[in-house]
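Have the viewer open and work through each one before reading its solution.

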Amino acid sequence: MANNGSSKPLLFLLTGFPGLEHLHPWLAVPISLMYFVALCGNGTILTIIRAESSLHKPMYLFLAMLAVTDVCLVATTLPTVLRLFWFNVRALSFGACATQMFFIHSLSCVESGILLAMAFDRFVAISNPLRYSLVLTGSRIAKTGLLMLLRGVLFALPTPLLLRLLRYCRTNTLSHSFCVHQDVMKLACSDRRVNVIYGLFAVLSTFGIDSLLVLLSYLIIVKTVLNIACGEERLRALDTCVSHLCAVLIFYIPLIGLSIIHRFGERASPLVHILMGFTYVLIPPMLNPIVYSIKTTLIRQRILKRLQSSAL
């Protein structure tokens with residue numbers, strides 16, 4: 001399907017589970033269930049935060065931003081993944097692939113920025129609780145969200161544009177059921193140094209800096225907590241950070257794993273590539289609402305209250 005020496009292939013072919021194509025309709029059931037859980041979980045978080053005025057606080061407003069981002073990320077990959085597994089439709093045009101790639105990378109960048117903002121929220125709440133409401137005002141929270149969105153768009157926009165400049169004369173089969181920059185870039189037969197350099201710059205400027213600042217925030221938080229005399233107060237302060245720490249690990253571990261696979265895992269089994277891809281796009285949106293529902297008392301109470309009222 002790829003034109004020899006053309007600036008772009010006519011079509012890309014998405015990959016499911018190699019060697020298990022006959023089981024794709026069966027595998028589509030658990031995959032669809034994971035998408036359903038992710039959408040319902042984040043939708044529930046958003047509904048509760050919107051309906052309960054007691055949750056209109058910085059911590060929960062950032063959580064709402066995280067839920068919106070996760071819903072959008074799930075919606076970005078859902079059409080191609082379910083179309084592939086339910087109906088064995090593998091072909092995807094260059095334009096559709098580039099659009100999906102832009103949304104995946106921009107939304108991932110936005111999510112990383114929101115996790116950083118949530119770390120700052122916990123830092124202010126524990127290190128300087130008296131100024132918490134003065135520092136994290138509604139307008140500042142809104143501006144932070146817009147800034148993270150703008151950053152994601154600006155850093156992700158060049159990737160599909162740079163891919164258009166490459167020549168494609170190799171196979172047009174991707175390693176995943178969706179499009180990401182590293183995967184598409186490997187199919188090019190022209191010089192990819194600009195793409196590699198920009199990709200590294202974008203990752204270090206966003207995910208790299210965000211992760212370092214999150215780490216720095218928690219080092220200061222731990223130092224502050226250790227200075228608290230009462231052991232019970234220490235545990236209470238740290239307990240407010242558990243959900244966010246889980247969300248950070250759930251996001252960054254698959255991201256690092258996928259990056260390592262694309263950079264060093266050329267000889268790895270195709271199954272490893274596809275599993276890491278699904279972990280990257282599905283596990284954080286699916287687990288984030290579960291973690292926050294279990295570990296955040298107010299969220300858990302509101303969910304139980306709504307379940308009880310609907311059962312009556």
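A residue counts as buried when its relative accessible area is under 20%. Keep in mind that the model is predicted.

**Exercise 1.** Find how many aromatic pairs the whole structure holds, then classify the pair of phenylalanine 94 and tyrosine 168.

*Solution.* A search of the whole structure gives 12 aromatic pairs. In the pair of phenylalanine 94 and tyrosine 168, the ring centres are 6.2 Å apart and the planes make an angle of 65°. Planes over 60 degrees apart count as edge-to-face, so this pair is edge-to-face.

Phenylalanine 94 belongs to helix H3 (residues 94-127), while tyrosine 168 sits in the loop between helix H6 (158-164) and helix H7 (181-185), so the pair ties together parts 74 residues apart in sequence.

Now check burial. Phenylalanine 94 has a relative accessible area of 5%, so it is buried; tyrosine 168, at 1%, is buried too.

**Exercise 2.** Classify the pair of phenylalanine 207 and phenylalanine 251, and locate both residues.

*Solution.* Here the centres are 6.2 Å apart and the planes stand at 40°, so the pair is tilted. Phenylalanine 207 is in helix H8 (residues 193-226) and phenylalanine 251 in helix H9 (residues 231-264); the pair links distant parts of the chain, 44 residues apart. For burial, phenylalanine 207 has a relative accessible area of 13% and is buried, and phenylalanine 251 is buried at 4%.

**Exercise 3.** Which residues do ring pairs link into a cluster with Tyr168?

*Solution.* Ring pairs join Tyr168 with Phe12 and Phe94 in a cluster.

Conventions
Residues are numbered from 1 along each chain as its sequence is written. This is a predicted model: local features need pLDDT of at least 70, side-chain atom pairs count only at pLDDT 80 or more; totals for chains, interfaces and linings use all residues. Side-chain values use heavy atoms; hydrogens and water are left out. Rings of Phe, Tyr and Trp (its six-membered ring) pair if their centres lie within 6.5 Å; planes under 30 degrees apart count as stacked, over 60 as edge-to-face and the rest as tilted. Helices (H or I, at least four residues) and strands (E, at least two) are DSSP runs, numbered from the N terminus. Buried means under 20% relative accessible area, exposed over 50%, partly exposed in between (1.4 Å probe, protein chains only).
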